[in-house]
Amino acid sequence: MENSEGVKIESTVVTEEPLISALDIALFVVIITVAYFWYFKRDKQSSSSEKKPYTIQPSSLSSIEQTSNSSFIKKLKSTGRSLVVFYGSQTGTAEEFAGRIAKEGARYKMKGMVADPEECDMADLVEMKEIQKSLAIFCIATYGEGDPTDNAMDFYEWLQNGDADLEGLNYAVFGLGNKTYEHYNEIAIYIDQRLEELGATRVHEIGLGDDDANIEDDFVSWKEKLWESVCSHYGIEETGEESNIRQYKLVDCSEVLPERIFSGEISRLKSYENQRFPFDVKNPYLSKIAVNRELHKSGDRSCMHIEFDIDGSKMRYDTGDHVAVYPKNSSELVDKIGELLNADLDAVFSLLNTDEESSKKHPFPCPCTYRTALTYYLDITSNPRTHIMKELIEYASDPKDQEKLKLMASSTPEGKKEFHEWILRDNRNIVHILEDLPSVKPDLDHLCELLPRLQCRYYSISSSPKVYPKSIHITAVLVNYTTPTNRVNKGVATNLLAQLIPTNDELPQPTIPIYIRRSQSRLPPKSQTPIIMIGPGTGLAPFRGFIQERDYARKEGREIGEMVLYFGCRKKDEDFIYENELQEYVANGTLTKLHLAFSRDQPEKKYVTHLLEQNADELWNIIGEKSGHLYVCGDARSMAKDVHSIIVKVVMEKGQMTNSQALNYVKKMEQQKRYSADVWS
């Protein structure tokens, strides 16, 4: 037999039964005593480690204050606030919008605070009615296949499963989504409706921001009408005070010891020198680049096959998961900002929240140098939003530059047009703005406060853990393009990855921080279930992992179902990635059919969607008659929508259904996870 530790215990046969001696009793007492102390000491150590996680907090924050962080109601009451703005953010935009709303609350006699629902006890919403003229605003993003963001997941589930009485709660919701995705703003819409069902009062209609168009414009338009509704609902008037109040104050840290200065870590100081499992968004794993090779055979574009070494990390992934890569900005752009502002980039500083009650003490890990902040923590390549234009006005010494910024910061039709053309259409980032408006010289610490956080980039994993348990593969196209102002913009992550080439000598191998994000896209539980995969270009990535996994099962002697792949690229001799691998899978029978579309190898362009229309019988045979699974990966803006329309049409024609019945059939496939889309815009 075995004990609780899995150690085999040999049994002995006793031939005599003598009376229990004093020695037996003594040994028994000793054993019981040792077991007692061992068990409770272990329990105490475990409890201690759970209660005292390593966190970076200002020394002035007491342990008592830390334990009360989850009660946002206590903070509101103790500081005389009536406005709380919650955010559900995956990329930082929703958090940024929440901060802007909370800041503007002062103009309407509503002192506000920003709150992360993951760090709050959301059941306290029932107590909001105890605060006079209180308001809760929710800036909520939807991502993936209609999923809540990671930090809003618990709140979403609480709304789904609970029945709290929210009568007396006043609220408003702004959603962040993308119309190219099927589940456009689904989470925000649900939260808006669910709060009303639970008795809360909607102060202003829901706002739906579309990131495929101009989400900044959507937000500003909604926000202006929000404050009109707030004034009407509470009988208050705008104070008219237009002030650019700093949220953070500059702290000189020139005397801080070098070992206490952040150098690019995401959260924990020296985390890359002392790696600790588990690895996640706040604690990524510093992975070595094991392989970095070019997949394109010719042409002026580049597509990289990269393998991250995770041996010894204890990290595990499933086929279909995503890997997050933490990039850094190019030194060329960082140095340019230093030159334009005549700033010492190696000065050590910190930004400390002026709101002492805020749980967010710094906008990014502090203290650090300006060079570190601009390299690792701040997004300096995206298009700045209108509130940054507004904050830059005071730093413009030329009246023409000042007027241009004022116009772009305004909500007038002329201002929106100018912002759209000069910032969005011409694709200017903060470096370009400082170059083209030379009189604008903001304080570097203020600019660091204004710029959004640099976010990790997600890639579909193109390998199977059954075949590659010690590495993660990705397939990434190098992003480089020329803007209307004849500047060359470069993808932050892909251009960094392109430089990380492993060497064959004994020099340290290049590394980059990563972590694994779980995906909803999964192979069917039964290996016999037939599947169709549609993945043009790098959309092939997750299906490479699917095919590897089924091939592994076949080699083990298990029965596998049909695997049909639709792949497309421009030219067979240029960008047919993984060609030899795919042809080998066809030859050994793992890949049942390989449908190829090379759009520019003939006079008339040919895409995978054309092939799908030609193979309606095959599609229906697998998804209709055999209840197989269908997967789509790639461009959400056109390809994924076209595929969806074709599938509905096939179901109508081959399944002899009406349009309504076909739509319901496809919707049911999605609910059953038989139709999965891993797409991006």
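Student: Which residue in β10 stands opposite isoleucine 289?

Tutor: Phenylalanine 308 does. A strand here is a DSSP run of E with at least two residues, numbered from the N terminus. Keep in mind that this is a predicted model, in which local features need pLDDT of at least 70, side-chain atom pairs count only at pLDDT 80 or more, and totals for chains, interfaces and linings use all residues. Residues are numbered from 1 along each chain as its sequence is written, and side-chain values use heavy atoms, with hydrogens and water left out.

Student: What makes β9 and β10 a pair?

Tutor: Two strands pair if DSSP finds at least two bridges between them. Strand β9 (residues 285–294) and strand β10 (residues 303–309) are joined by 6 bridges, so they meet that definition. The two run antiparallel.

Student: Why do β14 and β15 count as standing at the edges?

Tutor: The open sheet has 6 strands in the order β14-β11-β18-β9-β10-β15, with antiparallel pairing. Because β14 (457–460) and β15 (471–477) each have a single partner strand, one side of each has no neighbour in the sheet. From one strand to the next, the twist averages 40°.

Student: Why is α20 called roughly perpendicular to α21?

Tutor: Helices are DSSP runs of H or I with at least four residues. Axes are lines fitted to C-alpha atoms, for helices over the stretch in contact, and angles run from 0 to 180 degrees between N-to-C directions. The axes of α20 (residues 616–625) and α21 (residues 639–654) cross at roughly 85° and come within 10 Å. Angles under 35 degrees are roughly parallel, over 145 roughly antiparallel, 65 to 115 roughly perpendicular, and the rest oblique. That is why α20 is roughly perpendicular to α21.

Student: How do you know that alanine 188 is buried or exposed?

Tutor: Buried means under 20% relative accessible area, exposed over 50%, and partly exposed in between (1.4 Å probe, protein chains only). Alanine 188 has 0% relative accessibility, so it counts as buried. This residue lies in helix α6 (residues 186–197). Its contacts (heavy atoms within 4.5 Å) include Ile140 and Ile206, not counting residues up to four places away in sequence.

Student: How many disulfides does a search of the whole structure find?

Tutor: The search finds 0. To count, a pair of cysteine sulfur atoms must be within 2.5 Å.

Student: What makes cysteine 231 and cysteine 633 count as buried or exposed?

Tutor: Cysteine 231 has 16% relative accessibility, so it counts as buried. Cysteine 633, at 0%, therefore counts as buried too.
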